[in-house]
Amino acid sequence: MKKIWVSPPHQSGNELKYIQEALDSNYLAPAGPHIEAFEQSLSEYVCVGHAAALSSGTAALHLALKILDVGPGDIVICPTFTFTASANPIVYLGATPVFVDSEMSSWNMCADVLESAVKHYIHRGKKPKAIIGVHIYGMPVRLDEILSISHKYEIPFVEDAAEALGSMYKGRKVGSFGTMSILSFNGNKIITTSGGGAILSDNESFISKAKFLSTQAKDEAPHYQHSEIGYNYRLSNVSAGIGRAQLEVIEERVKQRRSNFQFYQRELKNLPGISFQNEAKHSCSNRWLSCILIDPLVSNGLTRESIRLALLKENIESRPLWKPLHLQRVFKGVSYFGGNISERLFELGLCLPSGSDLSDEDLSRITLLIKLKCP
Ligand SMILES: *Cc1c(COP(=O)(O)O)cnc(C)c1O
């Protein structure tokens, strides 16, 4: 039985052409024409002024917070229901994360809980230094509400769009809403550079600062001179070439992932106890991952774990949803605002195979197995 992965890389066919160009020009370096061209295409696609291509999404988030002057003693608010990479850079900078629960319909950070967390710290004279918003599994967070909180309390909004390239909110691409926004091109994302990321902003000074910091903070001088600590975070020209080939087909990838979701929804929606991540009004998710919730109280005892194991037995990978960060041992003792929604999502949720290379046959094989498990 052919192995089916949750979200494998999907080549466009043009990668080799760009890699060959990099070889021919000998730009085997974290500098070169593919990097500039990739940044240009990215900023055009997302419709944002400026972009810097970096070695990972995590590096992008690290630099975004660094540029906002986040440091020891500062508080940064982050959703609890996300990948740990959304929060780790807060800790790299010596600042303190504060986690906020999800809302049930979109699974994203709840704006009401966010506002109460912001007020809590303002009352104690500790205004949060930044709010990180994450479009989880590609689903746009409630941008109107969250941006209005960001404006009202004058706290910069950092948009973690790592999972959401191609998603839209009110007709605009996500990744264009933050003071700074970040993308990831890790191997499991909707497009990949075989590992990479980007930081985006309409503010040119932020992006030139990101480029400066990502190349060891070299001052203008013929010799090596530094007045600041920098990082080695630039994307390589070879990787950027792969990124160019991948970005050319992003619209097809979004279409295919959305069609995977529609297939699952059509086939599974009538099974007792199964529900989906809801697209709110004004939102269009890239459906990076198609996920389901299985409520054993309604599904006659069927659980996410029994489905996961049944799929695994047939060589099909699936994954539980993100384990909330406030439950992770590494974040023990970190402040948390909210109830048990993210905990329930983790308990009940499963990410199904969602690659843009899935055939109808693959999708049928998966849904048939799930239906067979249904009592
Ligand atoms: C993948 C991901 C990141 C980190 O991106 P990398 O390129 O893997 O460093 C950050 N946030 C979220 C929500 C992600 O899914």
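This report describes the domains, the domain interface, the ligand surroundings and the salt bridges of a predicted model.

## Basis of the model

In this predicted model, local features need pLDDT of at least 70 and side-chain atom pairs count only at pLDDT 80 or more, while totals for chains, interfaces and linings use all residues. Residues are numbered from 1 along each chain as its sequence is written, and side-chain values use heavy atoms, with hydrogens and water left out.

## Domain arrangement

The chain is divided into domain 1 (15-249) and domain 2 (251-373), with bounds that come from an automatic or database domain assignment. The C-alpha centres of these domains lie 25 Å apart. Domain 1 contributes 43 residues to the contact and domain 2 contributes 37, where contact means heavy atoms within 4.5 Å.

## The interface

The size of an interface is often given as the accessible area lost when the parts come together. Between domain 1 and domain 2 the buried area is about 3700 Å², with 64% given by carbon and sulfur atoms; this is the accessible area (1.4 Å probe) that two parts lose on being put together, summed over both. In domain 1, Phe-99, Trp-107 and Tyr-137 lose the most area to domain 2, together 22% of what that side buries.

Across this interface there are zero salt bridges (a side-chain nitrogen of Lys or Arg within 4 Å of a carboxyl oxygen of Asp or Glu). The interface does have 26 residue pairs in polar contact, both residues at pLDDT 80 or more. A polar contact is a pair of N or O atoms within 3.5 Å; within protein, one must be able to donate a hydrogen and the other to accept it, and residues adjacent in sequence count only if both atoms are side-chain atoms.

## Ligand surroundings

The ligand is surrounded by 15 residues, the closest being Gly-57, Thr-58, Glu-163, Ser-184 and Lys-189 (a heavy atom within 4 Å). A polar side-chain atom of Glu-163 lies 2.5 Å from an oxygen atom of the ligand. A polar backbone atom of Gly-57 is 2.8 Å from a ligand oxygen atom, and for a backbone N or O atom of Gly-196 the distance to a ligand oxygen atom is 3.5 Å.

## Salt bridges

The count comes to 15 salt bridges. One of them pairs Lys-2 with Asp-362, whose closest N and O atoms are 3.1 Å apart.
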